Every structure is written in C-alpha cells, then in structure tokens.
Amino acid sequence: MQAKTHIITTFSAGIPTMLLVDELSVVNMGALFIGSLLPDIDHPQSYLGRRHKIVSNVTNKAMGHRGITHSLLGMGVVYIFLRLIQINYLAPSIRLAPFWILYGYLMHLIEDGFSQRGVKWLWPFGKSPLSFGGKIAFYRTGHISEYLILGFMMCLLIIEIRLLFTGGLEQILSSRISVVLKKNNHTASTIFFLGNVRGGI
C-alpha cells in the first residue's frame with residue numbers, strides 16, 4: 001500500500017477513536033501520521049525511506065522489505081523505544097503521543113495484511129505471510145484495487161471531517177456507544193436473570 005493510502009485509511013480510523021477518548025489534537029494527529037508510515041522505513045523508496053536513507057538502506061539490506069518492521073516483534077521493539085522516550089522526555093500534556101504512533105503502526109500492519117503479499121506477523125518465528133483477504137478479497141499495491149480503497153477512504157475521511165466541524169461526528173459516536181451499552185446491559189441482565197432462575201432463587 002502506498003503512503004497516501006496508508007495515511008488516509010489510518011486517519012479515517014484514528015480520528016473517530018481520538019474523538020471518543022477526547023485526545024484529538026494536532027500533536028496526536030502528527031503521531032498518527034508518523035505511525036502510519038513507520039513500518040515502511042525498511043523500503044528505500046518509501047516516504048520515510050527517502051528521507052532517512054541510512055536507516056532505510058541498513059534495515060532493507062539486513063531484513064528486507066516487510067521483515068521485522070512488519071511484524072509483532074518489530075511493533076514490540078517500537079513500543080519499548082517509545083515507552084522509554086515517554087517516561088524520560090515527554091511532558092504530561094503529550095504523554096499519549098507514543099500511543100498514537102503505535103496505533104498508526106498497527107493500522108499500517110492491518111492494512112498491509114489485506115494486500116496480496118500479506119504480512120509476516122510472527123517473523124522471524126513464522127515466515128509465511130498472512131493475507132486477511134485470502135485469495136479473493138485482497139488488493140495489489142499501485143493497482144486499481146488499491147485506488148478503489150483510496151477513493152473510498154478519502155470520501156469517508158472527508159465526511160468525517162465535515163461531521164467533526166459541525167459536531168455531528170461526536171453525536172453519532174455517542175449515540176452508537178449508548179446503543180452498544182444498552183444492549184450489553186440488557187444481555188447482562190438477561191444472563192443474571194436466567195442464572196437466578198436456574199439456581200432456584
């Protein structure tokens with residue numbers, strides 16, 4: 001998946017999430033942006049690869065593209081690094097920025113997981129790539145299938161931004177959460193009632 005598709009797809013998922021937890025800010029959006037591109041540091045022609053050539057070339061020659069940076073192990077390494085920075089250097093007001101980098105990182109892996117090549121989630125222990133779409137519902141990077149995804153996500157993101165500025169997005173999210181909570185409460189009450197009945201209470 002190309003950088004622009006990663007960014008737009010990740011933003012379309014990240015903006016509602018940030019709004020839900022009241023963490024929508026320029027800093028966190030910047031963190032999300034970095035995270036959505038970070039795994040492709042192992043490709044010299046990627047957005048970050050062209051801007052950090054030494055790191056990109058070394059990583060690419062040592063591990064190849066979609067090696068350690070596209071795995072749970074790589075994500076764990078990034079988490080530890082970000083955690084150390086968070087504890088020692090970040091002000092309380094931006095303490096959650098590393099989380100949003102990690103969020104973007106995970107979204108990148110999930111997005112690549114629907115590509116034809118898939119992702120080696122368990123690298124280096126399991127080197128067989130997993131494609132969520134199987135042999136049917138997948139896309140090919142740079143082909144019409146990716147541009148269809150890009151177009152859809154761009155439309156979704158525009159709608160979200162429009163709703164965000166009119167206050168409609170927060171209202172929609174709040175209403176959906178209320179519905180889910182009511183359903184869960186109803187389910188929990190039903191289970192409790194049935195348990196009491198079976199218990200002879």
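Colleague: Is His6 buried or exposed?

Modeller: This is a predicted model in which local features need pLDDT of at least 70, side-chain atom pairs count only at pLDDT 80 or more, and totals for chains, interfaces and linings use all residues. Residues are numbered from 1 along each chain as its sequence is written, and side-chain values use heavy atoms, with hydrogens and water left out. Buried means under 20% relative accessible area, exposed over 50%, and partly exposed in between, for a 1.4 Å probe and protein chains only. His6 has a relative accessible area of 0%, so the word for His6 is buried.

Colleague: Which residue forms a salt bridge with Arg66?

Modeller: A salt bridge here is a side-chain nitrogen of Lys or Arg within 4 Å of a carboxyl oxygen of Asp or Glu, and by this rule the count comes to 1 salt bridge. Arg66 lies in the loop between helix H4 (53-63) and helix H5 (72-89), while its partner is in helix H6 (residues 97-112), so the pair ties together parts that are 46 residues apart in sequence. The closest N and O atoms are 3.5 Å apart, and the partner of Arg66 is Asp112.

Note on methods. Helices (H or I, at least four residues) and strands (E, at least two) are DSSP runs, numbered from the N terminus.
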